[in-house]
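User: Hi! Could you walk me through this model when you have a minute?

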Amino acid sequence: MSTSFAPERTPSTRAERRYERTRPVWAVVAILIAVEVISAFETSMMYAALPTFARVFEADASAVGWTVTAFLLVAAASAAVCGRLGDMYGRERVLMFVLACAATGSVVSMAFGTLEAIIAGRAIQGVAGAILPLCIGLAREHLPAERVPMAVALISGSAVAAGAASLLVAGILIDLGDWRYIFVVAAAYALVCLFLVEAVLPWRRRSHRRQPIDVVGATGLATAVAAVLFGLTQSRAWGWSDGRVLAPIVVGAAIFAWWVWWELGRPSPIVNLRLLAERNVALTMLAGVALGVGPIGVGTMIIPIIMQSPTSAPFGLGLSPTYAGTLSFVGAMIGMAFTPVAGRIAAAVGARSSLLLGSAVFLVACAGFFFFRASVIGMTLLVVAVSVATAFAYTALPNLLVESVPEHNTSEMAGSQTVLRTAASAVGTSVASLLLASLVVPGTATPTVAALGAVCTMLVLSCAVTIVLGAAIRYRRA
């Protein structure tokens, strides 16, 4: 089946011939999945490198942690802004720019051999945070409507699986040689994806009049998001009472309030806030926030703690990092296998059903963390359950937006959803860390069983809230 439509004139240049290409559905989906993998790899690969950086550069955890923080701050702002720019000026063009930044950031990180250069390069790489919203928009733009739910499921599911696989791949690359290898691979892969978008992916002409870029709105949104996320991500290290945490959050919130006023008065805003007043869009965004505060954000933190804490602690299985990482990787691959199922459900009866099913599995798994904290078999099954639930959630959330917003707002809303979920995850992990640090064995920093119970209760409540929100969403065929 063709996935692009012929131009009205005979193309005379390479640039013009991009609009003449036709590709089967499977080829378009395969390209978009391949492109999304680079975003997931760059997001997660640094976690495997943190111990190496601390040793090589003789730096503390706070310093090397900026290789993660710099990426996340830019990624969140990029997802919010570049999604809208793609909707307005062509997602293919914006995606090429994003991939070029990803490759450039990798080159900067490995070229100078200093921690400061790595942090700077990671900030440039952070633009890759816009890849998923752009890919979701391209899937809706190029594919027949009945194929979109499955395509979105596969693209979103690949992000989850690639995130888990990147820890393993990055670890192997570091063990085989030098930390620079992870940036060599990331740069090479980004360039391959850049070629696929430019030379293989079909392009589509803009069907609506181009509008001026809201530079003030884009700058204000990026600044507000970065400031708030900076405070949230640093709260775990500095504490909520620290002025360095509270000040950027307050400043970011003030800028965000001004930004809302500004956007509502623009004829061509960087984010169409009036779409958020639509019932299904608002409920979908809130459901993403609830899952971010709960299992999506905190699950990735609490599972390694349970698995790797020593058996002499109040809870813990005493597994090695390699063993625990392997179990997580296998679970993620099983979860990836369920994404087509989630896509078929979304296509047949609406993405709301996928969201409700995934949230219910999350709820059971989060309760199970407490009751199976001493069982390797039980925790292994729960890891698989969480991976399956994550596949359903990552499939449902963008598909609910596809069902509810116009095609030319798809990447914009998907980017906004990513920002909200990222901020919610930062809040969730901070609250969970506070609970674990507050309920400890006297005279030690070891969390108690009560601390684990408090975290599990928080996760179960967030899942219950998501189920209530999901049930309130009205079914609407895309």
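Analyst: Happy to! This is a predicted model, where local features need pLDDT of at least 70, side-chain atom pairs count only at pLDDT 80 or more, and totals for chains, interfaces and linings use all residues. Residues are numbered from 1 along each chain as its sequence is written, and side-chain values use heavy atoms, with hydrogens and water left out.

User: How many helices and strands does the protein chain have?

Analyst: There are 18 helices and zero strands, taken as DSSP runs (H or I, at least four residues, for helices; E, at least two, for strands) and numbered from the N terminus.

User: And what is the radius of gyration of the protein chain?

Analyst: It is 22 Å, close to the 23 Å that the globule rule gives for 478 residues, so the chain is as compact as a globular protein of that length. The radius is taken over C-alpha atoms, and the rule is 2.2 Å times the number of residues to the power 0.38. Along its principal axes, the C-alpha trace spans about 75 × 55 × 45 Å.

User: Nice. Which residues have the most contacts inside the largest nonpolar core?

Analyst: V35 and I131, in a core of 66 residues. Such a core is a set of buried Ala, Val, Leu, Ile, Met, Phe, Trp, Tyr and Cys residues joined through side-chain atoms within 4.5 Å. Buried means under 20% relative accessible area, exposed over 50%, and partly exposed in between (1.4 Å probe, protein chains only). Another core, of 43 residues, lies apart from the largest one and includes A396, A432, L452 and C463.

User: What is I131 in contact with?

Analyst: Leaving aside neighbours within four places in sequence, I131 contacts V35, E36, I38, S39, L95, V98 and L99; contact means heavy atoms within 4.5 Å.

User: Switching topic: where is T233?

Analyst: T233 sits in helix 10 (residues 215-238) and is partly exposed because its relative accessibility is 25%. Not counting residues up to four places away in sequence, T233 touches T69 and A426. A426 is 193 residues away from T233 in sequence, yet their C-alpha atoms are 5.8 Å apart.

User: And T446, which loop is that in?

Analyst: T446 is in the loop between helix 17 (410-438) and helix 18 (449-472). With a relative accessible area of 29%, T446 is partly exposed. Beyond neighbours within four places in sequence, T446 is in contact with A313, P314, L439, V440 and V441.
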